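Here are my notes on the model, point by point. Please read them with the structure open.

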Amino acid sequence: MIQQRESPEINLVETNDEVTLYIGDGQAMQGWEQALMWESADILCGFGSEFLEVGLGLGISALRIAANPATRHHTVIEKFPKVIELFRERNPSPPTPLEIVEADFFEYIHKMKPESVDGIFFDPYLVPVSLWDEEELWMEVMPAVTRTLRQGGVFIPCFSTRPVLRWQFVHHFDRIMVERRSYASYATTDYVTRNSGEAYIQCFIRVR
């Protein structure tokens with residue numbers, strides 16, 4: 001199994017102009033993503049009441065999902081303890097359905113019971129980022145992901161600013177729904193090609 005880096009430097013920068021979580025040298029998440037994260041979370045919650053999220057980040061989507069009246073339980077898997085610590089400092093009284101588990105998703109997913117959740121929101125910051133390009137890794141992990149979803153369940157990765165289906169996921173689902181939304185990032189954002197435009201929320205649905 002290809003491993004993530006264990007202890008990257010993690011910092012949270014909060015100013016009047018921006019909120020940015022840095023993991024290693026990368027901008028892992030920024031505050032301007034809130035509207036898109038909320039939209040993704042609301043779509044997810046339309047598929048049931050028990051959810052899994054991969055990657056805590058700033059906790060924007062985790063809080064939204066856990067606070068939804070329909071949510072009975074929401075588990076968030078986060079590899080880096082510093083990210084969890086920062087979240088708890090900023091959110092001392094999170095919604096009751098929220099459970100945060102410190103673990104590596106690529107190991108944790110194989111231990112989950114089949115058909116145990118209605119939806120998965122997938123937004124980990126992978127270190128190194130090159131793991132996204134490891135075809136062998138995704139071919140091993142995605143069957144475990146689909147097994148964990150109940151029939152009719154949904155898998156929603158973080159939004160994309162490119163109108164292209166994610167190759168890591170597309171071959172593992174029979175039905176895909178895409179929602180288009182506008183966005184405006186910070187001037188300092190380096191993980192989008194333009195500071196404003198259209199973003200795409202890709203929803204991969206387990207039909208069988």
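**Notes on the predicted model**

1. Thr71 first. This residue sits in the loop between helix 2 (60-67) and strand 5 (73-78). Helices (H or I, at least four residues) and strands (E, at least two) are DSSP runs, numbered from the N terminus. Thr71 counts as buried, at 8% relative accessibility. Buried means under 20% relative accessible area, exposed over 50%, and partly exposed in between (1.4 Å probe, protein chains only). The Thr71 side chain reaches the backbone oxygen of Ile65 at 2.7 Å. A polar contact is a pair of N or O atoms within 3.5 Å; within protein, one must be able to donate a hydrogen and the other to accept it, and residues adjacent in sequence count only if both atoms are side-chain atoms. Neighbours within four places in sequence aside, Thr71 is in contact with Cys45, Ser49, Phe51, Ile65, Ala66 and Pro97. Contact means heavy atoms within 4.5 Å.

2. Ground rules. This is a predicted model, in which local features need pLDDT of at least 70 and side-chain atom pairs count only at pLDDT 80 or more, while totals for chains, interfaces and linings use all residues. Residues are numbered from 1 along each chain as its sequence is written, and side-chain values use heavy atoms, with hydrogens and water left out.

3. Two strands pair if DSSP finds at least two bridges between them. Strand 1 and strand 2 (residues 19-23) pair in the antiparallel sense over five bridges. Ile10 stands opposite Ile23 in strand 2.

4. Strand 7 (residues 117-122) and strand 8 (residues 149-157) pair in the parallel sense over five bridges. Gly119 stands opposite Val154 in strand 8.

5. Two backbone details to check. Val127 and Pro128 are joined by a cis peptide bond, with omega about 5°. Pro128 is in the loop between strand 7 and helix 5. Glu115 is not a glycine, yet its phi is positive, near 50°. Glu115 lies in the loop between helix 4 (105-108) and strand 7. At 41% relative accessibility, Glu115 is partly exposed.

6. Which backbone atoms lie close to polar atoms of the Gln202 side chain? The backbone oxygen of Val164 lies 2.8 Å from one. The backbone nitrogen of Arg166 lies 3.1 Å from one. Gln202 belongs to strand 10 (residues 196-205). Its relative accessible area is 3%, so Gln202 is buried. Residues in contact with Gln202 include Phe155, Ile156, Met177 and Val178, neighbours within four places in sequence left aside.

7. Aromatic pairs. The whole structure holds 17 of them. Rings of Phe, Tyr and Trp (its six-membered ring) pair if their centres lie within 6.5 Å; planes under 30 degrees apart count as stacked, over 60 as edge-to-face and the rest as tilted. Phe105 and Phe106 are edge-to-face, 5.4 Å centre to centre and 65° between the planes. Phe105 and Phe122 have ring centres 5.2 Å apart and planes at 65°, so this pair is edge-to-face. Phe105 lies in helix 4 and Phe122 in strand 7, so the pair ties together parts that are 17 residues apart in sequence. Both Phe105 and Phe122 are buried. Ring pairs link a cluster whose members include Phe105, Phe122, Trp132, Trp138 and Phe204.
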